[in-house]
Amino acid sequence: DEIHIIFIENSFQVYDKFGLDENTADFTGHALALYRDDKINFKFRLSAIYGGTYMLDKPVDCIVYENGKVVGVKSGDDIAKCKQVYCDPSYVPDKVRKTGQVIRAICLLNHPIPMTNDAQSCQIIIPQKQVGRHYDIYISLVSNANMVAPKGWYIAMVSTTVETNNPEAEILPGLQLLGPITEKFVNVSDVYEPTDMGAESQVFISRSYDPTTHFETTCKDVLDIFQRGTTTEFDFTKITHLSLEDQE
């Protein structure tokens with residue numbers, strides 16, 4: 001038997017090889033493979049957040065530095081001393097830059113999304129080219145099956161990257177798929193990325209949440225922050241999984 005080895009640089013070579021038309025390629029790349037644009041390569045990374053300790057309900061007044069390096073976090077009259085800080089952009093506006101905006105509409109429904117076989121939770125991605133855009137539109141639905149709503153109620157979110165001066169009109173194709181909407185809450189938020197990567201300051205800043213609903217970019221950001229903070233890549237082989245008995 002012959003063995004054929006094919007070296008593929010991008011998805012377009014795959015589409016061409018198997019004769020996919022443009023609509024099928026759009027669906028495969030964006031709705032199945034979850035790529036956000038057409039600059040697709042075949043590299044996959046997984047991520048996990050395992051364990052952690054949280055101190056809740058403590059305001060952060062400022063981050064304290066000495067000679068450009070973080071030494072603590074001030075809350076009221078107290079300073080929690082530390083060697084590193086991990087935070088989102090809202091805590092360090094002087095160390096981030098705005099890269100765009102995201103619009104999100106959170107919608108309360110008293111029915112599943114039509115034509116989803118009454119799915120109690122689902123995700124829908126509208127490929128950018130199908131609606132004449134540069135960015136995909138993301139729809140997610142959760143319900144009582146996810147323990148986030150009373151029985152008979154559903155929470156849908158429609159989101160995308162803002163491209164125009166009329167953001168709500170941009171998510172209309174997604175809203176139209178939901179059917180009757182009982183209540184809708186729309187928010188446009190700025191998106192930031194760090195300008196200080198933390199090598200000197202030891203402050204490691206995450207990126208703002210983008211419009212995606214599958215958490216791929218968030219997981220990649222977690223891996224990036226881990227590598228910046230520890231100077232080593234996260235080793236998934238070192239993860240151990242506790243049983244329920246162990247946790248008790």
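**Close-up views of the predicted model**

Figure 1. Val64 lies opposite Gly72, a residue of β2. The model is a predicted one, in which local features require pLDDT of at least 70 and side-chain atom pairs count only at pLDDT 80 or more, whereas totals for chains, interfaces and linings use all residues. Residues are numbered from 1 along each chain as its sequence is written, and side-chain values use heavy atoms, with hydrogens and water left out. Strand β1 (residues 62-66) pairs with strand β2 (residues 69-75) in the antiparallel sense over five bridges; two strands pair if DSSP finds at least two bridges between them. Two residues separate β1 from β2 in this hairpin, and Asn67 in the turn has a positive phi of about 55°.

**Figure 2. The open five-stranded sheet.** The strand order is β6-β7-β8-β5-β9, with antiparallel pairing.

**Figure 3. The pairing of β6 with β7.** Strand β7 (residues 137-143) runs antiparallel to β6, and five bridges join the two. Ile126 is placed opposite Ile137 of β7. In a regular strand, side chains alternate between the two faces of the sheet.

Figure 4. Three aromatic pairs are found in a search of the whole structure (rings of Phe, Tyr and Trp, the last by its six-membered ring, pair if their centres lie within 6.5 Å; planes under 30 degrees apart count as stacked, over 60 as edge-to-face and the rest as tilted). Phe234 and Phe236 form an edge-to-face pair, at 4.8 Å centre to centre and with 70° between the planes. Ring pairs link Phe226, Phe234 and Phe236 into a cluster. Phe234 is partly exposed at 26% relative accessibility, and Phe236 is partly exposed at 31% (buried means under 20% relative accessible area, exposed over 50%, partly exposed in between, with a 1.4 Å probe and protein chains only).

**Figure 5. The protein as context for the close-ups.** The protein contains six helices and 10 strands (DSSP runs numbered from the N terminus: helices are H or I with at least four residues, strands E with at least two). Of its 248 residues, 33% count as buried.
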